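Load the model and keep the selection panel open.

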Amino acid sequence: MDVAFLDDGSILVCWLARAEGPAELRCRRVSSAGDPGEIVVVAELDDSRSSGFPTITTQGMTAVLAWTDVRSDPVTVRSAAIDFR
């Protein structure tokens, strides 16, 4: 769904995955050599198109993700920051 570069040359890949319940927003850091890191579950989301697509921005080794939570009332934009140091 989205990819962003971190300062050390690695990339952060984020995607929506279906689990045994609600969909999950997941991320994984991939080193510049292509070595995948552990999968991080950022949040549970509604998997409908109405939730849009989460986005990523980075500053140094920190990633900030934002997504629309259509399961809340009222609909809310949520965010999370992840430090990859």
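A contact here means heavy atoms within 4.5 Å. By that criterion, residues 24 or more positions apart account for 26% of the chain's contacts with a separation of 6 or more. This is a predicted model, in which local features need pLDDT of at least 70 and side-chain atom pairs count only at pLDDT 80 or more, while totals for chains, interfaces and linings use all residues. Residues are numbered from 1 along each chain as its sequence is written, and side-chain values use heavy atoms, with hydrogens and water left out.

**Select the whole chain.** Colour by secondary structure: the chain has zero helices and seven strands, where helices (H or I, at least four residues) and strands (E, at least two) are DSSP runs numbered from the N terminus. The radius of gyration, taken over C-alpha atoms, is 13 Å, close to the 12 Å that the globule rule gives for 85 residues, so the chain is as compact as a globular protein of that length. That rule is 2.2 Å times the number of residues to the power 0.38. Along the principal axes, the C-alpha atoms fill a box of roughly 40 × 25 × 20 Å. Of the 85 residues, 31% are buried, meaning under 20% relative accessible area, with exposed being over 50% and partly exposed in between (1.4 Å probe, protein chains only).

**Select residues 62-69.** This is strand β6. In a regular strand the side chains alternate between the two faces of the sheet.

Strands pair if DSSP finds at least two bridges between them. Residues 55-59 are strand β5, which pairs with β6 in the antiparallel sense over five bridges. The two form a hairpin with two residues between them, and G60 in the turn has a positive phi of about 65 degrees. On the other selection, β7 (residues 76-83) pairs with β6 in the antiparallel sense over eight bridges. A hairpin of six residues joins β6 to β7, and D69 stands opposite T76 in β7.

**Zoom to A63.** Which residue of β6 is the bridge partner of T58? The partner is A63. A63 counts as buried because its relative accessibility is 0%. Leaving aside neighbours within four places in sequence, A63 is in contact with L12, I56, T57, T58, A80, A81, I82 and F84. Finally, draw a C-alpha to C-alpha distance from A63 to L6: the two are 57 residues apart in sequence and 7.9 Å apart in space.
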